[in-house]
Amino acid sequence: MSLIHLVILSPLILAIFVPFLHKYFRQIHTGWFVLILPILLFIYFIGFIRSSMNGETYISTMNWIPSLGINFTVYLDGLGLLFALLITGIGALVVLYSIYYLSKEKEALNTFYVYLLMFMGAMLGVVLSDNLIVLYSFWELTSFSSFLLISYWYQREKSRYGAQKSMLITVFGGLAMLAGFVLLYIMTGTFSIREIIANVDIVTADALFIPALILILLGAFTKSAQFPFHIWLPDAMEAPTPVSAYLHSATMVKAGIYLVARMSPIFAGAPEWFWLVSVFGLITLFWGSFSAVKQTDLKGILAFSTISQLGLIMSLLGIGSAAVYYDYLDDNIYTVATMAAVFHLINHATFKGSLFMVVGIVDHETGTRDIRKLGGLMNIMPISFTLALIGSFAMAGLPPFNGFLSKEMFFTGMLHATQIDAWNMDTLGILFPVFAWLASIFTFVYSMILVFKTFTGKYQPEKLDVKPHEAPIGMLISPIILVSLVVIFGFFPNLLSPSLIGPAVSSILPDYFLIEDINIYFWHGWTPELFMTIGVVAFGTFLYLTVAKWGKIYEWFPQRLALNRFYDGGIVALERGSNKFTNSYMTGFMRDYLIIIFGFMALLLGALIVRLDVFTFNIADAADVGLYEVILAIVMVISTLTVLISKSRLTAIISLGVVGYSLALFFVLFRAPDLALTQLVVETISVALYLLVFYHLPEFKVQITRLRFRLTNFIISVAVGLIVIIIGISANSHRLFESISSYFEAATYTEAGGKNMVNVILVDFRGFDTLFEGAVLVIAAFGIYMMIKLRLADKKGGVEGEGK
Amino acid sequence: MEILMTIVAGILVACATYLILSKSILRIILGTALLSHGAHLLLLSMGGLKTGAAPLLGQNADSYSDPLPQALILTAIVISFGVTSFFLVLAYRAYQELKTDDMDKLRGNENE
């Protein structure tokens, strides 16, 4: 266990102490104690930047289950470091923000920070684990803590609904991912990502390559809210805003992006990977930005915007994978897409985090997030307005903010995608930039709606519950820091490129990539990308101004494609279907269950007999048929049938007695004197018992009717009887070895000193059977005694007297 | 001989199955009794029905019938007797308490 293990686990350790801190330091907001940790961790991770710039990686292993190859191995490279910095940096800002956002008196702060710290530790574990199983464990812990955080206000119905939905979808994906990991293990025999990458040739050649690819992508797509699994994210907005800012914009939803990036060295180069990642990314990008425009809730807009931006990053990662296919020829033009993905990942975390915080401020100070009630807050909340303006412009991709640069690179990547001459891209490729461009227009529109519908226009104080005012300064610190980063990264992108982006990209595209290649230019000349951006702004402005007219298409269009309806309907149908299915066979009638049991037995055995063709008929070994036996057999069969068809129960009981006595006679004929004795006695007592029970049935209630003849009963009983006969005959025809009875014959007198072989076997050779058979009788006797003597309380609570 | 006995056992099992599938508790118990008879018969005939002396050494015969299946059947008879008598008393008590011996009416509480 090294320091870095402690670093990853430190949030979880601190989580243990949070309830005590909350309890014993009531005067101080618990968040202050929590805040220290992410700051320390952030500083700790910054220390790694220098070595990471030189291409060094850090590995440390702590044994967990070495016999299964599952060890807690920490692997810190450029990609892991970038995510670790995002998690701890934004984590610190979010904790600071939450200190002012959540009230000390009204909220259950201890649970909030426990969940948040759990999430932070889990997320660090996801991005820094080299072992797939450890990664999966932390992955599920993020799902779980996200579930807890979404349902933080568990009194609200919608919170619980959103939490359940996100849990179901992300856990579904998580399990698929686990299956994919197991497939990778089957192919390579190791859970270590580094070792799998080293053996990538084995994986690519294996037949399980495609299933593993699809399963792992399912995990990534559900976690990163890709189409059509994006539906949980808007419902997760019921969480407190710091949670939305942290989990559902900056960190957790990027776990899927991380997974795709991390797995790129294994899967990139396969056409399936390229198509799935880039096409689903593009669909998500377009659908998210298109749906965001119709939202009236500020957090709803941001949720769909997050979906759309995640799709953008995902599609860039997909296009970047083409570089592997071309073995990095063609001037590395596809690696620019991967670079753009990483760059936009950072940018998105900064501006989306700040936007969520601003929205939280607006919500906090006005009491609503509904843009139909908001407006004209510019003069009341000037700082928030500035922050929102910069964040939105960055999101829309306007200069001079960082979103502009990554959007230009995004267009570059998309334009390069059209030059791919494989996989039908020569015809379909043109759709890539077209979709990207359309999506950017909608992105522009909702970004403008977000900022201008909230802060400009008519001030409507009558619709607001509280009198709005500017937020306290503490609440503004975090968004101000993030927005400063937006601006700084916008003007000085090359602060990031060698330190963070380069190492991260070289983790995604190892072997071929040189960090020195990366340079992001603020001004890149009159390129097609610039004209595309100008077009976006022109069309976007036009659409924003006319949204009242064309916005009607949302009234009919998205409702038809509402995936939520599909999800809700699916859940209901599943529940109803399983209910119906269970009720269809769990009828409560004993007879139905018996029919199922007997029918299944007959079918299974019958099918096996036919399939394996085991029926044999061989009487060479059988004894001769004697006259007495035949007569007795006829008597037995007739009395058995009499039991069956008797009209009264008395006849049935007497016929059963006849069957029992003829069995005793059989025992006589087949030379089993002890059996005959026992059978006679037992049968006599049994018949007496039957008569006793029969006597106690009140006269008037007994319906002495003919047994109901039921065809199903008949068929099943005939089938069962036939199966028994067939198996019996077949077994009799195969005498595989001699009986061991010759031993008993020889040893009964010499070893045990008896002459009755059966009795010697019962009490000497196999005495244990007899002991427990005696125990059975004793238990039965006690049971009968208890049943007759013991009277449990009736419904009124009274106890009937004993021996009544 | 074994074939004949197997067929008889099969008929016993078929009838037992038919009775077990009926509604009245008493008939179900009759069915279980028939089933155990069928099983004992099957055990005996599976052990081989070669004619020989009863398995008593005092007989001084050349060959004896197999003692092991007989010991097994003896154990089985006693156990099935214990279980059957328990069942019978259970049916008797159930009838006393619930006033019915119809299996369709003995379905437990719907509200549970």
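User: Where does B:R93 lie?
Analyst: In helix α3 of chain B, which covers residues 67-98. Keep in mind that this is a predicted model.

User: Is B:R93 buried or exposed?
Analyst: B:R93 is buried: its relative accessible area is 9%, and the cut-off for buried is under 20%.

User: What does B:R93 touch?
Analyst: Leaving aside residues up to four places away in sequence, B:R93 touches A:M787, A:I788, A:L790 and A:R791.

User: Switching to aromatics. How many aromatic pairs are there over all chains?
Analyst: A search of the whole structure gives 37. One of them is A:F227 with A:W287.

User: Why is that pair edge-to-face?
Analyst: The planes of A:F227 and A:W287 are at 75°, and an angle over 60 degrees counts as edge-to-face. The ring centres are 6.3 Å apart.

User: Where do the two residues sit in the chain?
Analyst: A:F227 is in the loop between α10 (209-223) and α11 (232-235) of chain A, and A:W287 is in helix α14 (residues 271-292) of chain A.

User: Which residues form the aromatic cluster with them?
Analyst: A:F286, A:F290, A:F435 and A:F442 form one aromatic cluster with A:F227 and A:W287.

User: Last one. What lies over the face of A:Y749?
Analyst: A:K755, at 5.6 Å from the ring centre.

Notes
Residues numbered from 1 in each chain as written. Chains lettered and ligands numbered in written order. Predicted model: local features only at pLDDT ≥ 70, side-chain atom pairs only at ≥ 80, totals over all residues. Heavy atoms only, no water. Phe/Tyr/Trp six-rings, centres within 6.5 Å; stacked < 30°, edge-to-face > 60°. Helix = DSSP H or I, 4+ residues; strand = E, 2+ residues; numbered from the N terminus. Lys NZ or Arg CZ within 6 Å of the ring centre and 35° of its normal. Buried < 20%, exposed > 50% of the residue type's maximum accessible area, 1.4 Å probe, protein only. Contact = heavy atoms within 4.5 Å.
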